[in-house]
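Please look over the sequence and the model below. A short briefing follows, grouped by topic.

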There are 2 protein chains.
Amino acid sequence: MELSDLDTAALVQRRERLAARLGSTPALLFAGAPRVRHYAANPFPFRAASHFFYLVGASIEGAALLVEGGRSVLFLPEKPADDELWHGPTPGAEAIARAVGCEVRGISALDAAISAKPVATLPCPDAEGREQQALALGRSVRAGELKGDDLHLAGAMIDIRIAHDALAVREMTSAAEAADAAHRAGMRATRPGRFERDVRAAMESTFIARGMSTSYEPIITTHGEVLHNHGHANLLSEGDLVLADVGAESLGGFASDVTRCWPVSGRFSATQRAIYEIVLEAQRRAIARVAPGVRYRDVHLESSRAIAEGLVAVGVLRGDPSEIVEVGAHALFFPHGVGHLIGMDVHDMEDLGDLAGYAAGRSRSAQFGLSYLRLDRDLAPGMAVTIEPGIYVVPAILNDPRFSALVARFVDREALARFSDVRGIRIEDDVLVTSSGQEVLTASIPKTLDEVEAAMRG
Amino acid sequence: MELSDLDTAALVQRRERLAARLGSTPALLFAGAPRVRHYAANPFPFRAASHFFYLVGASIEGAALLVEGGRSVLFLPEKPADDELWHGPTPGAEAIARAVGCEVRGISALDAAISAKPVATLPCPDAEGREQQALALGRSVRAGELKGDDLHLAGAMIDIRIAHDALAVREMTSAAEAADAAHRAGMRATRPGRFERDVRAAMESTFIARGMSTSYEPIITTHGEVLHNHGHANLLSEGDLVLADVGAESLGGFASDVTRCWPVSGRFSATQRAIYEIVLEAQRRAIARVAPGVRYRDVHLESSRAIAEGLVAVGVLRGDPSEIVEVGAHALFFPHGVGHLIGMDVHDMEDLGDLAGYAAGRSRSAQFGLSYLRLDRDLAPGMAVTIEPGIYVVPAILNDPRFSALVARFVDREALARFSDVRGIRIEDDVLVTSSGQEVLTASIPKTLDEVEAAMRG
């Protein structure tokens, strides 16, 4: 992102909102260090830690932001000797100060600025960044061990980041637009005889052409039942479904997270259509429930009920859908949560564990399936969540001795065998909670059976 | 890379060669940890540390290889609970042992295996990996501080990795083939009105379609004079040259590193042709010098002389080419070294500092330009190097007070002004030293003016 594109007023407001919640304790947030690829001089592209990036609007390697009362100071690393020789002219401190809307100093001034008072911080995601933090603060800084002022800062950051401002929504809309282009490109690039990686190339190149990157490692597979499947070597065969879980990161650092499924042949089979329609209905009902004041766990349960009802209707599950959901038998086919927070991180603020995802006093269920739900808050305007139900035929679940009683009681294996060309189907969109209900940020991406088949024809 | 594709015999031989050089001290090499993107559960694709990868042939997160006498043991992390649920069926220890060709144990057995004796190691590139090493070995492990047994191990690894075996050459050939496809795709995708990032999308998607990745962050720019230029936002305008420094990493973890330049319009201008021909001649002469027994510094000086002669011929430099090279005035336009080792790392074994690049008793020159030369060894069969001379008009150099005397004496600014549509040109190939001379691994990529213009027409 160019400095000239920064929304200075929005960034100032974010820092003011944080300062207002912080009280007297100053907060120091670090950008972190680039991630080494093979050796130090060959890193992945740098992307600052999300808390820093949120408040500064730019990824600046090795920088740190101090928010203290109404005043913020951005500490910049010194440019190395001969920097301009290798990197060309880059913006100076004054230009950065203007764009970010705060005072700028050299990082060598940091020690003096924070000496003699306690300073709150949040751990960088990268170990090098955490080393820099520990050196600056004179104490170890670790994820999963927040307490005292750090915990207070975490709560304040969650408060402001969880309610997306107009800038955040613009960025997420931009990431959604890129995902739209990618999924359409993936649908058009699919045909028998190609490989999963060919579809990936078509999808990811739409991000690169926008100057963007993926927001997480894409899943593009004919084995959708393998939930975390990052291989792309399979041949696409007539009769296969492709499951593509692919999202972009916008230039300003916000994520989209979208899943679509489409048939390699260009036409869904009757059995694929039947299961797809169940997942789509589960998603429709879940999205319809998204509104201020609604508990997200109930959105998950709504989609779970829809899946139970649908699988009973096609004969794969036997029994009463309400009971199925109560005992968790639907999770044999829908083992994960219906979604999560989304923002600068694809699972937004997951660096803070369940602090962002779970409201105070709530914690994870022990029931298989529900235990994987990443979000259990009451929804409020400005929150953004994914809604991503799915149905998967996972041998490791159906043959797991832990679940044999559930399987014996509720699953009709003969009926299931008729759906052997359905391994895994998930449908995922990004949904913003509005004051009156919800807005689907990724609504333009082909989703119904007809839309998908039409998009594949190009 | 699939386990079934591993060249077990070659891997066994690599470990035997290492063991033979090591003597009695066991060596323990770690794969390292994935690099965190935004939070721990959202990492970049994992790629093991090169020393481990070289000896094991596969990237296995959190694994460690013990080489002790003629015997190797691969220690594998335990699979997490429910691994098959999320990741599907993955190869078990027996399949891995067969493919890698050595004994396999759980990592929990590592402590007992290395207790009570000194063990040599080399630092992982990632801080998380180094933490794992330090815990296992009970001592801190840092890059740039190698001594004792670790230094001995570094020397042994350099000995074997620097002389590429048939497997390494196959992998580098595969990476070169991917670079060929990428550069041709980039040439075809270039036209006025597009952006640098569109060319990047065309190039990088050829890697993704092969299941490969870039071996370093690509440079694709109309400002070739900015040597480390990783932005891709510039518009391509009639009259611009594109400089593309883009290489692939093969499925087995070897790099290609290739630079080509082409005109946005499809036709080089007369001034661009003139400078391009000088760089091409400098590259031809440097490549011709590559042979066993030749000191790489002399290859660099050969290309430096060619650049000095060429720039004198077109009037940009004044004076005697030999004197120009002696005082380093050519480095005003060719500030970097003519190349470096290439192998699993694009700057091979740069994690070991200059240990791999500089022969014992040799060290970096203090002269501007020569000081950036990464390699000063006598070439030997099996070594692979890049040959990448360039000519750049860098304001930060030409206006640097340190060089004002050189500029005043040798540079004809008026003549230089006639070449204002040439900002930076580099031509780079990967060259294998053979017993009789050299083989250019990237020879198929369009390079002469005519070849490049023809490739742009498609």
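Leaving aside its neighbours within four places in sequence, which residues is Gly88(A) in contact with? They are Asp83(A) and Val226(B), where contact means heavy atoms within 4.5 Å. This is a predicted model, in which local features need pLDDT of at least 70 and side-chain atom pairs count only at pLDDT 80 or more, while totals for chains, interfaces and linings use all residues; side-chain values use heavy atoms, with hydrogens and water left out. Residues are numbered from 1 along each chain as its sequence is written, and chains are lettered from A and ligands numbered from 1 in the order in which they are written.

**Chain A overall**

- Chain A holds 16 helices and 15 strands. These are DSSP runs numbered from the N terminus: helices are H or I with at least four residues, strands are E with at least two.
- The C-alpha trace of chain A spans about 70 × 50 × 40 Å along its principal axes.
- Of the 458 residues in chain A, 59% are buried. Buried means under 20% relative accessible area, exposed means over 50%, and partly exposed lies in between (1.4 Å probe, protein chains only).
- Take the contacts in chain A between residues at least 6 apart in sequence: 73% of them join residues at least 24 apart.
- Chain A exposes about 16,600 Å², and carbon and sulfur atoms supply 52% of that area. Accessible areas come from the Shrake-Rupley method with a 1.4 Å probe; for residues, only the protein chains shown count as cover.
- Chain A carries 47 positive and 61 negative charges, and their mean positions are 2 Å apart. Lys and Arg count as positive, Asp and Glu as negative; His and the chain ends are not counted. Each charge is placed at NZ of Lys, CZ of Arg, CG of Asp or CD of Glu.

**The interface between chains A and B**

- Chain A and chain B each bring 56 residues to the contact.
- About 4,700 Å² is buried between the two chains, with 58% of it from carbon and sulfur atoms. Buried area is the accessible area (1.4 Å probe) that two parts lose on being put together, summed over both.
- On the chain B side, His38(B), Tyr39(B) and Trp86(B) lose the most area to chain A, together 18% of what that side buries.
- Gly88(A) sits in the loop between helix H3 (83-87) and helix H4 (93-100) of chain A. Gly88(A) is buried, at 4% relative accessible area.

**Positive phi in chain B**

- Asp82(B) has a positive phi near 60 degrees and is not a glycine. Asp82(B) lies in the loop between strand S3 (71-76) and helix H3 (83-87). At 22% relative accessibility, Asp82(B) is partly exposed.
- Met349(B), also not a glycine, has a positive phi of about 60 degrees. Its loop runs between helix H12 (321-327) and strand S11 (384-387). Met349(B) is buried, with a relative accessible area of 0%.

**Buried helix residues in chain B**

- Leu11(B) belongs to helix H1 (residues 8-22) and is buried at 2%. Beyond four places in sequence, Leu11(B) touches residues including Tyr54(B), Ala99(B) and Leu167(B).
- Gln133(B) is in helix H6 (residues 127-137), with a relative accessible area of 0%. Among the residues that Gln133(B) touches beyond four places in sequence are Phe30(B), Cys124(B) and Val141(B).
- Leu416(B) is in helix H15 (residues 413-417) and is buried at 11%. Beyond four places in sequence, the contacts of Leu416(B) are Val316(B), Phe333(B), Val393(B), Leu398(B) and Val411(B). Glu428(B) is 12 residues from Leu416(B) in sequence and 24 Å from it, C-alpha to C-alpha.

**A buried loop residue in chain A**

- Asp257(A) lies in the loop between strand S9 (248-249) and strand S10 (259-263). Asp257(A) is buried, at 4% relative accessible area.
- Beyond four places in sequence, Asp257(A) touches residues including Asp245(A), Glu388(A), Glu428(A), Asp429(A) and Asp430(A).
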